Amino acid sequence: MKAIYTSFDEAVKQIQNGSTIMVGGFGLVGIPENLIQALVNSDVRHLTVISNNCGVDDWGLGLLLQNKQIDRIIGSYVGENKEFERQVLAGELEVELTPQGTLAEKIRAGGAGIPAFYTPAGVGTPIAEGGEVRVFNNKEYLLQTALTADFSLVRAARGDVDGNLIYNKTARNFNPIMAAAGGVTIAEVEQLTERASMDPDHIHTPGIYVQGLVEGQQEKRIERRTVRQGS
């Protein structure tokens with residue numbers, strides 16, 4: 001059995017000042033929102049966060065930003081967060097923007113034990129400045145190094161006591177690769193089940209990648225609600 005935490009605050013207690021954490025999700029879809037809130041409550045500081053984006057002003061990783069708990073962000077998209085913009089322009093936050101596919105591959109490579117890889121993305125742009133570029137089959141490729149983290153916080157629809165995880169539809173996004181790339185992976189699950197209760201063919205993340213689980217319900221906020229106007 002994996003560590004089964006009785007509260008979200010207990011689940012993040014081992015995360016210390018200066019830790020590097022990966023946080024699953026895309027926008028607000030599939031984010032471990034209760035674990036993020038527990039980090040806000042913990043008041044841990046000087047975090048490096050690896051995530052596709054940084055939530056919105058009043059939810060998700062945006063809460064950590066508001067609380068000045070993040071020093072550095074490695075991500076791909078930051079367009080929905082005014083506080084993010086303010087901190088960057090004020091020199092309060094270090095940001096490393098990465099093409100989205102490259103970010104995903106850097107995380108996947110880290111989980112697979114691959115130290116680096118070549119990609120055509122970013123060649124000829126400021127991203128390639130100072131980097132190693134090589135030619136394969138008459139095409140230029142940029143060397144990118146893998147990403148790993150001290151902790152990965154992921155969110156799944158179901159998990160069992162052995163740490164096997166199943167994600168729901170698009171909530172799968174960055175969660176499986178981040179689960180593999182964390183030194184310690186903590187999974188927030190909506191339903192925690194007993195051993196051998198899930199079809200092995202449906203499991204997305206094997207339990208070998210997961211060190212702890214905590215069960216809880218989510219608000220599942222909508223990042224940008226749009227409705228069709230009446231005729």
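Contact here means heavy atoms within 4.5 Å. By that cut-off, asparagine 34 touches Phe8, Glu188, Gly216, Gln217 and Gln218, leaving aside residues up to four places away in sequence. The model is predicted: local features need pLDDT of at least 70, side-chain atom pairs count only at pLDDT 80 or more, and totals for chains, interfaces and linings use all residues. Residues are numbered from 1 along each chain as its sequence is written, and side-chain values use heavy atoms, with hydrogens and water left out.

Asparagine 34 lies in helix α2 (residues 33-42). Helices (H or I, at least four residues) and strands (E, at least two) are DSSP runs, numbered from the N terminus. Asparagine 34 has a relative accessible area of 19%. Buried means under 20% relative accessible area, exposed over 50%, partly exposed in between (1.4 Å probe, protein chains only). Asparagine 34 therefore counts as buried.

In a regular strand the side chains alternate between the two faces of the sheet. In β2 (residues 20-23), Thr20 and Met22 point one way, and Ile21 and Val23 the other way. All four are buried.

Two strands pair if DSSP finds at least two bridges between them.

| Partner of β2 | Sense and bridges | Bridge pair |
|---|---|---|
| β3 (residues 47-50) | parallel, three bridges | methionine 22 with isoleucine 50 |
| β9 (residues 149-160) | parallel, three bridges | isoleucine 21 with phenylalanine 151 |

From β2 the chain crosses through α2 to β3, and this β-α-β crossover is right-handed. Right-handed means that, with the strands pointing away from the viewer, the path from the first strand over the helix to the second runs clockwise.

**Cores**

A nonpolar core is a set of buried Ala, Val, Leu, Ile, Met, Phe, Trp, Tyr and Cys residues joined through side-chain atoms within 4.5 Å. The largest has 32 residues, and Ile15, Ile21, Leu35, Leu39 and Ile70 have the most contacts inside it. Helix α2 supplies the largest share of this core, five residues. Isoleucine 21 touches Ile15, Leu39 and Leu47, among others, not counting residues up to four places away in sequence. A second, separate core of 19 residues includes Leu147, Val154, Leu165 and Phe174.

**Cavities**

A cavity is a set of points, on a 1 Å grid over the protein atoms alone, where a 1.4 Å probe fits but cannot get out; lining residues have an atom within 4 Å of a point. The structure holds three cavities of 30 Å³ or more. Of its 13 lining residues, Gly27, Ile31, Asn53, Gly55 and Leu61 lie nearest its centre.

Conventions:
1 Å grid on protein atoms, 1.4 Å probe; cavity = no way out; pocket = protein on both sides within 12 Å on 5 of 7 lines; lining within 4 Å. Points joined across faces, edges and corners; volume = space filled by probe spheres on them.
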